[in-house]
Amino acid sequence: MLKRLWQYRNFVLDSIRNEMRIRFARSKLGGLWMIVNPLAQVAIYVLILSNVLAAKLSGIDNKYSYAIYLIAGLLAWSLFNEIVARSTNLFIERGELMKKVNFPRITLPGILVGASLLNNLLLFAAVAGIYLLLGHGFGLLIVWLVPLTFTVVALAVGIGLIAGVLNVFLRDIGQIMPIALQIWFWFTPIVYPETIIPESYRQILLLNPMYPVVRAYHSVLVYKVQPAVAEVAAVCAVALVLVALSLFLFRRASAEMVDVL
């Protein structure tokens, strides 16, 4: 499947370009809409919660500390959430195409991941601009975002592809996933710092694979320190296992999915 994905790379790239053109056809702001929503979400949280939580964000020497902390976490979460949410309904939305056109089905998640990475790249450019305006710069540790982004994508693809395949046969999955993602979001220290959780309960956070990743984003973008390599490596290993499992499930169910759709 991966070989076929590479062989059809031009098809994937053209599809990503077409998706972007269609999404923002006749739009005055164009691609800016991809970053308006997360930045609006940041503005809402900052206006409501900054005065409550700013005093609890130690280690950030900036009066906009809460905004800086929140933006870093949302940068990681937005990529994860987009891939998982879109993957869940991917095969149902592309059902007619899968039945009428002969092409490697693996290109569908490839197109989705490529478009999501492009969105995240534009969001990062906006985040970088906002950080500079707030007087918060970057160091050489910024290169850590490459393996961290890879980890987020692998984890999201593994979970999203499994959910997408199962959703073809059991449509309740498509109803459950948005709720699960909402719960997952609030179970991850993005809007709040982990320090507000009683120490006796913080071990529960270790059950959340996005927790070490978001904490690594905070380390790199907010505190400018090296993230915990062992934690990130463990999540990456879990993500790769999930990717392998999802590809196996996708390959076994691919033909049957077309019949069901």
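In the predicted model, the charged end of arginine 9 is placed over the ring of tryptophan 6, at 4.1 Å from the centre of that ring. A further aromatic arrangement involves tyrosine 8 and phenylalanine 11, whose rings form an edge-to-face pair with 6.4 Å between the centres and 90 degrees between the planes. Tyrosine 8 is partly exposed, its relative accessibility being 29%, and phenylalanine 11 is likewise classed as partly exposed, with a relative accessible area of 35%. In total, the structure holds 9 aromatic pairs. Ring pairs also join Trp77, Phe80, Trp184, Phe185 and Trp186 into a cluster.

The fold as a whole is helical, with 11 helices and 0 strands in the protein, so that the order of elements from the N terminus reads α-α-α-α-α-α-α-α-α-α-α. The C-alpha trace spans about 60 × 45 × 35 Å along its principal axes. The radius of gyration is 19 Å, which agrees with the value near 18 Å that a compact globule of 261 residues would have. Buried residues account for 49% of the 261 residues, and the protein exposes about 13700 Å², of which carbon and sulfur atoms supply 65%. Of the contacts between residues at least 6 apart in sequence, 79% join residues that are at least 24 apart.

The largest nonpolar core comprises 71 residues, and within this core Phe80, Phe91 and Tyr217 touch the most other members. At least two residues of the core are supplied by each of helix 3 (33–53), helix 4 (65–88), helix 5 (90–93), helix 7 (107–133), helix 8 (145–169), helix 9 (172–186), helix 10 (210–223) and helix 11 (229–260). Helix 4 provides the largest share, namely 15 residues. When residues up to four places away in sequence are not counted, tyrosine 217 touches Ala72, Leu75, Ala76, Leu145, Leu148, Thr149, Val152 and Val222. Apart from this core lies another, of 5 residues, which include Ile16, Met20, Ile111 and Ala115.

Glycine 110, which lies in helix 7, is buried because its relative accessible area of 18% falls under the 20% cut-off. With neighbours within four places in sequence left aside, glycine 110 is in contact with Leu5 and Val12. The C-alpha atoms of glycine 110 and leucine 2 are separated by 9.8 Å, although these two residues are 108 residues apart along the chain. Aspartate 14, located in helix 2 (residues 9–23), is partly exposed, with a relative accessible area of 36%. Threonine 188 is found in the loop between helix 9 and helix 10, where the residue is buried, with a relative accessible area of 0%. Apart from neighbours within four places in sequence, threonine 188 is in contact with Trp77, Asn208, Met210, Tyr211 and Val214; Trp77 is also one of the residues in the ring cluster. Lysine 224 occupies the loop between helix 10 and helix 11 and is partly exposed, at 42% relative accessibility. Most residues other than glycine have a negative phi. Lysine 224, by contrast, has a positive phi of about 60 degrees although it is not a glycine. Alanine 233, placed in helix 11, counts as partly exposed at 43% relative accessibility. The C-alpha atoms of alanine 233 and leucine 148 are 9.6 Å apart in space, while the two residues are 85 residues apart in sequence. Leucine 148 is also among the residues touched by tyrosine 217.

Terms used: Residues are numbered from 1 along each chain as its sequence is written. This is a predicted model: local features need pLDDT of at least 70, side-chain atom pairs count only at pLDDT 80 or more; totals for chains, interfaces and linings use all residues. Side-chain values use heavy atoms; hydrogens and water are left out. A nonpolar core is a set of buried Ala, Val, Leu, Ile, Met, Phe, Trp, Tyr and Cys residues joined through side-chain atoms within 4.5 Å. Buried means under 20% relative accessible area, exposed over 50%, partly exposed in between (1.4 Å probe, protein chains only). Helices (H or I, at least four residues) and strands (E, at least two) are DSSP runs, numbered from the N terminus. Contact means heavy atoms within 4.5 Å. Rings of Phe, Tyr and Trp (its six-membered ring) pair if their centres lie within 6.5 Å; planes under 30 degrees apart count as stacked, over 60 as edge-to-face and the rest as tilted. A charge sits over a ring if NZ of Lys or CZ of Arg is within 6 Å of the ring centre and within 35 degrees of the ring normal. The radius of gyration is taken over C-alpha atoms; the globule rule is 2.2 Å times the number of residues to the power 0.38. Accessible areas come from the Shrake-Rupley method with a 1.4 Å probe; for residues, only the protein chains shown count as cover.
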